[in-house]
Amino acid sequence: MASGGWDLESQKTEIRDLLNTPLVKGDKWYLLATSWFKQWKKYVGYESWNAFNVDEIEEHPGLIDNSPILEDDTGKLQERLVDELDYQLVPLDAWNKLVSCYGILNDQVIIIFSFNYS
């Protein structure tokens, strides 16, 4: 079982389902550094090719760390980031589940993206 009693298979399934949530005007989604998200995906066997590595134990991703997408001196979001290359957008429910299971670095700013397009 993973941290917080949420087993890896459940994590994979629930987050995959939540990532398929359609974007709706006014919704708030959260930015998650792709580097952390990729490690989490390996850890839970998210991708089909990870099924071939069943006997290998992947490293726990640790606390959610968005520092790769933040400026060092200000802690603000870096400019010119690319979706899925630098960050992953996750809906509120996915963010809450991941934070409850893994936590987030104490002094890190939570980055919220609000969709207000017409």
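In this predicted model, helix 1 (residues 8-19) lies across strand 1 and strand 2, and runs at about 90° to strand 2. Helix 2 (residues 34-44) also packs on the sheet, where it touches strand 1 and strand 2. The direction of helix 2 makes about 80° with that of strand 1.

The sheet itself is open, with 3 strands in the order 2-1-3 and antiparallel pairing. Strand 2 (87-91) and strand 3 (112-114) sit at the edges, each pairing on one side only. On average, and ignoring direction, neighbouring strands are turned by 40° against each other. Strand 1 (residues 28-33) and strand 3 run antiparallel and are joined by 3 bridges. Within this pairing, Tyr30 stands opposite Ile112 of strand 3.

Then there are the aromatics. The count comes to 6 aromatic pairs. One of them is Tyr43 with Tyr102, an edge-to-face pair with 6.5 Å centre to centre and 80° between the planes. Tyr43 belongs to helix 2 and Tyr102 to helix 3 (residues 92-102), so this pair ties together parts that are 59 residues apart in sequence.

Arg16 places its charged end over the ring of Tyr46, 4.3 Å from the ring centre.

Conventions:
Residues are numbered from 1 along each chain as its sequence is written. This is a predicted model: local features need pLDDT of at least 70, side-chain atom pairs count only at pLDDT 80 or more; totals for chains, interfaces and linings use all residues. Side-chain values use heavy atoms; hydrogens and water are left out. Two strands pair if DSSP finds at least two bridges between them. Helices (H or I, at least four residues) and strands (E, at least two) are DSSP runs, numbered from the N terminus. Axes are lines fitted to C-alpha atoms, for helices over the stretch in contact, and angles run from 0 to 180 degrees between N-to-C directions. Contact means heavy atoms within 4.5 Å. Rings of Phe, Tyr and Trp (its six-membered ring) pair if their centres lie within 6.5 Å; planes under 30 degrees apart count as stacked, over 60 as edge-to-face and the rest as tilted. A charge sits over a ring if NZ of Lys or CZ of Arg is within 6 Å of the ring centre and within 35 degrees of the ring normal.
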